[in-house]
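Hi there,

Here is the structure I promised to pass on to you. Please have a look at it first, and then read on for what turned up.

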Amino acid sequence: MLFHWLAIRNSIPVKEVLFRRNILPSSQSNLCIWCLEDTETVNHLLLHCKWSFNVWAELFSWWNLNWVMPGSIEEFSFKWFFGMGIKASKFWKVIGPATIWAIWLARNDLFSMGSSLVVRF
Ligand SMILES: [Zn+2]
């Protein structure tokens, strides 16, 4: 849950944040490590990237749910925790943050292998 809170505060070390804090050199790409099409922001990486979106789509498919992906992780969290109605069981409330955490770990695994590896869909 701490990671989820940091993501809402736009404080996890995605490339956009690292560039803003002058941690990454300007010579390095700020593009998403998976799709190489958009800047790696919190919202892109965790919600809107083709790769992470497919993870969410598969998850909702398992539960036979229709879901419109919100524009931000903050809106996502609000809808996840308060907008699911009777389906918002304790178990379900853990699934969202756990999936976000899993997406982040997968991103870090790929990042540690080097950004030259590109995943295509
Ligand atoms: Zn992407």
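Running from the N terminus, the elements of the chain go α-α-α-α-α-α. Please keep in mind that this is a predicted model. In total the chain holds 6 helices and 0 strands. Of its 121 residues, 21% are buried. If we take the contacts in the chain with a separation of 6 or more, 51% of them are between residues 24 or more positions apart.

Now to the inside. The largest nonpolar core consists of 16 residues, and Cys32, Val42, Leu45, Leu46 and Ile73 are the ones with the most contacts within it. At least two residues of this core come from each of helix 3 (42–48), helix 5 (73–82) and helix 6 (90–113). Helix 3 gives the largest share, with 4 residues. As background, nonpolar side chains in soluble globular proteins tend to be buried together.

Leaving aside residues up to four places away in sequence, Leu45 touches Val14, Cys32, Glu40, Ser52 and Arg107.

Helix 5 is worth a look too. Its buried residues are Ile73, Phe76 and Trp80. Viewed down the axis of helix 5, these buried residues fall within an arc of 55°, so they line one face of the helix. What do they pack against? The partners of the buried residues of helix 5 are helix 1 (2–8), helix 3 and helix 6.

Within helix 5 you will find Trp80. Trp80 counts as buried because 21 other C-beta atoms lie within 10 Å, where the cut-off for a buried residue is 20 or more. Trp80 and Val94 are 14 residues apart along the chain, and their C-alpha atoms are separated by 9.9 Å.

Finally, two spots in the loops. Most residues other than glycine have a negative phi. Asn10 is not a glycine, yet it has a positive phi of about 55°. Asn10 sits in the loop between helix 1 and helix 2 (15–20), and it is partly exposed, with 16 other C-beta atoms within 10 Å. Leu36, also a residue other than glycine, has a positive phi near 55°. You can find Leu36 in the loop between helix 2 and helix 3. Leu36 is partly exposed, as 13 other C-beta atoms lie within 10 Å.

Technical notes: Residues numbered from 1 in each chain as written. Predicted model: local features only at pLDDT ≥ 70, side-chain atom pairs only at ≥ 80, totals over all residues. Core = buried A, V, L, I, M, F, W, Y, C linked by C-beta atoms within 7 Å. Buried ≥ 20, exposed ≤ 12 C-beta atoms within 10 Å, placed from the backbone. Contact = placed C-beta atoms within 7 Å. Arc of directions from axis to C-beta.
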